[in-house]
Amino acid sequence: VDKAMQYAYRDRKQKKRNFRSLWIMRINAAARLHGMSYSQFMGKVKAANIELNRKVLADLAMNHPEAFAAIVKQVK
């Protein structure tokens, strides 16, 4: 039972890590389509005081590319 609890705890932590990595990859791919790297894009998003987290930005990049393009245009 103790082993099962350790794996469950570990996997919950890894799930968060894996999703954050996936979101970063998606944002990076979309930002590169607009001529920016991930770090440049996120730096400009923070400087422009845009309060969107990585999960929302990744969703916009995948499902609403026109909205993501508007954000890129705003931060440039």
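How many aromatic pairs does a search of the whole structure find? The structure examined is a predicted model, in which local features need pLDDT of at least 70 and side-chain atom pairs count only at pLDDT 80 or more, while totals for chains, interfaces and linings use all residues. Residues are numbered from 1 along each chain as its sequence is written, and side-chain values use heavy atoms, with hydrogens and water left out.

The search finds two aromatic pairs. Rings of Phe, Tyr and Trp (its six-membered ring) pair if their centres lie within 6.5 Å; planes under 30 degrees apart count as stacked, over 60 as edge-to-face and the rest as tilted. Helices are DSSP runs (H or I, at least four residues), numbered from the N terminus. A residue is buried under 20% relative accessible area, exposed over 50% and partly exposed in between (1.4 Å probe, protein chains only). F19 counts as partly exposed at 37% relative accessibility, and W23 is partly exposed at 22%. In the pair of F41 and F68, the ring centres are 5.1 Å apart and the planes lie at 40°, so this pair is tilted. Because F41 lies in helix α2 and F68 in helix α4, the pair ties together parts that are 27 residues apart in sequence. Both F41 and F68 are buried.

Helix α1 covers residues 2-33, and its end C-alpha atoms are 47 Å apart, which agrees with the 46 Å that its 32 residues should span at 1.5 Å a residue. The expected span is 1.5 Å times one less than the number of residues. The buried residues of α1 are I27, A30 and A31, and the buried residues of this helix pack against α2 (38-47), α3 (54-63) and α4 (65-75).

Two packed helices are described by the angle between their axes and the distance between the axes. For α3 and α4, the angle is about 120° and the axes are 5 Å apart. This makes α3 oblique to α4; angles under 35 degrees count as roughly parallel, over 145 as roughly antiparallel, 65 to 115 as roughly perpendicular and the rest as oblique. The contact (heavy atoms within 4.5 Å) is made by L57, L60, A61, M62 and N63 of α3 and P65, A67, F68 and I71 of α4.

Notes. Helix = DSSP H or I, 4+ residues; strand = E, 2+ residues; numbered from the N terminus. Axes fitted to C-alpha atoms, helices over the stretch in contact; angles between N-to-C directions.
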